[in-house]
Amino acid sequence: MWYKYRTSILIGLTFSLLFSTFWFFPSLAFIIFLSLLLNLLLVSSVDRLAKKLPRVLSAGIILLLFVAVVIGFLAMISQTFIPTFTSFLADLPNLSTNIHNLSFIQQSDFAVEQIDALLNELTTVSISALRSSLTVVLALFSRIIEFVIIFFVTFYLLKDGKEIKVYLAGLFPHKDYSRILALFDRILKALSIYIFSQLIICFITGTIVFLYFTFRNLPYASVFAVLSGVGEFVPVLGPTIASAFGTVLVATQTPWLAFQTILFYIILTQVNHNIIYPSLIGKSLNLHPIAIILGIIFGGEILGPAGMFLAVPCIVIIKIVIEDIYHDRINNFKIVEKQIITEKIPPAHN
């Protein structure tokens, strides 16, 4: 009977080997996965442009435009973010003292220890980044090499993505060729919906937080805007940490202002995850928050911040693969059951 499920077995083994690269070759896995996500982000634009120009030229133009937009966006953000972030780092000792003086912090030794650990880590990272210039340059050079590799891998995925998908589907048993293509399409569609939704939510959240802090004349508006926006890339945990950190620092101003800020974060989170997020992705992913949280924690244990970012896409892939194997098994049972029923029914006599 096993041969009836050999395609499902091959699918399970293939994706198990693919995900094992996160343990044995984390840098390689990160490059491939990030290239795939960038491909999903840009492929629709390449498809449209390829109707007028050769695909290789279309892929190069769209990828270069994307890099230019990202660099321009980062340059625009850095004009307000970098000076504010530098001021924030310089003011960390004063902020730490003010936080310790909060009454609800003083009443809990655990809270004091956690706040001290967080602020000390921020201070240590900042000082080492400012003083160890050679280490920073070497680390930056290493990252630049990775991003260049990602750039070229993304280019070839944009140029030859369909051919690569057809080739990979052809490696499986011929009778299940259509099934494998459909599986790939489901995975790519779900990941595309996820990455587009996350980018939109990150932009909306960062903009709203920036406007709130600016309107209320609160310090470090761009710092908390970037923190909240980036935090959305780590669903559930990211927004929670960003809102808690922002509220605690605002509490050093006045308790009433802290209450207003936490109310703002609660409303923002509820609107994001009950209105904006469902309207963007609908029920296409259908992931329970517990699965997301456990996946993020597990991903963080394996790859750190990169693992937390890649956790949800990996969970989406695993979920779709399991569903495909389950439905194929059900279909095989129905075929066998139909054969048994047909054999038991005696032929009709004229």
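**Reading the model feature by feature**

Author: Thr154 is buried, with a relative accessible area of 1%. This residue lies in helix α7, and the model in which we see it is a predicted one.

Reader: Which residues does Thr154 touch, beyond those up to four places away in sequence?

Author: Thr154 touches Ser35, Leu38, Asn39 and Leu63.

Reader: How many helices and how many strands does the chain have?

Author: The chain has 13 helices and zero strands. Of its 350 residues, 35% count as buried. Among the contacts with a separation of 6 or more, 71% join residues 24 or more positions apart. The chain exposes about 21,300 Å², and carbon and sulfur atoms supply 72% of that area.

Reader: With which residues is Phe15 in contact, leaving aside its neighbours within four places in sequence?

Author: Phe15 is in contact with Leu183, Phe184, Ile187, Ile317 and Val321.

Reader: Is helix α9 mostly covered or mostly uncovered?

Author: Helix α9 (residues 221-231) is mostly covered, since eight of its 11 residues are buried. The buried residues are Ala221, Ser222, Val223, Phe224, Ala225, Ser228, Gly229 and Gly231.

Reader: How should I read a pair of aromatic rings?

Author: Two quantities describe such a pair: the distance of the centres and the angle of the planes. This structure holds six aromatic pairs. In one of them, the rings of Phe151 and Phe152 have centres 5.7 Å apart and planes at 90°, so the pair is edge-to-face. Phe151 is partly exposed at a relative accessible area of 27%, and Phe152 is partly exposed at 47%. Tyr212 and Phe213 also form an edge-to-face pair, with 5.8 Å from centre to centre and 80° between the planes.

Reader: Are Tyr212 and Phe213 buried or exposed?

Author: Both Tyr212 and Phe213 are buried. For Phe213, which belongs to helix α8, the relative accessible area is 1%.

Reader: How far apart are Phe213 and Phe224 in sequence and in space?

Author: Phe213 and Phe224 are 11 residues apart in sequence, and their C-alpha atoms are 8.3 Å apart in space. Not counting residues up to four places away in sequence, Phe213 touches Leu218, Pro219, Ala221, Phe224, Val250 and Tyr265.

Reader: What is the general idea behind a salt bridge?

Author: Side chains of opposite charge can pair when their charged atoms come close. A search of the whole structure finds seven salt bridges. One of these joins Lys165 and Asp185, whose closest N and O atoms are 2.7 Å apart. This pair links distant parts of the chain, with Lys165 in helix α7 and Asp185 in helix α8, 20 residues apart. Lys165 is partly exposed, at 21% relative accessible area, and Asp185 is partly exposed at 37%. In another bridge, the side chains of Lys159 and Asp160 meet at 2.9 Å, N to O.

Reader: How many residues apart are Glu323 and Lys319 in helix α13?

Author: The general idea comes first: an α-helix has 3.6 residues a turn, so residues three or four places apart point the same way. Glu323 and Lys319 are separated by about one helical turn because they are four residues apart in helix α13. They form a salt bridge whose closest N and O atoms are 2.9 Å apart. Glu323 is partly exposed, at 26% relative accessibility. Arg186, Lys319 and Glu323 are linked in a network of salt bridges.

Reader: Finally, which residues form a nonpolar patch on the surface?

Author: The patch consists of Trp256, Phe259, Ile262, Leu263, Ile266, Ile267, Val271 and Ile275, with about 780 Å² of accessible area together. Among them, Ile267 is found in helix α11 (residues 255-281) and is partly exposed, with a relative accessible area of 48%.

Note on methods. Residues numbered from 1 in each chain as written. Predicted model: local features only at pLDDT ≥ 70, side-chain atom pairs only at ≥ 80, totals over all residues. Heavy atoms only, no water. Patch = residues over 30% accessible without salt bridge, like charges linked within 9 Å, V, L, I, M, F, W, Y side chains within 5 Å. Areas by Shrake-Rupley, 256 points an atom, 1.4 Å probe, with all protein chains shown as cover. Salt bridge = Lys/Arg side-chain N within 4 Å of Asp/Glu carboxyl O. Helix = DSSP H or I, 4+ residues; strand = E, 2+ residues; numbered from the N terminus. Buried < 20%, exposed > 50% of the residue type's maximum accessible area, 1.4 Å probe, protein only. Contact = heavy atoms within 4.5 Å. Phe/Tyr/Trp six-rings, centres within 6.5 Å; stacked < 30°, edge-to-face > 60°.
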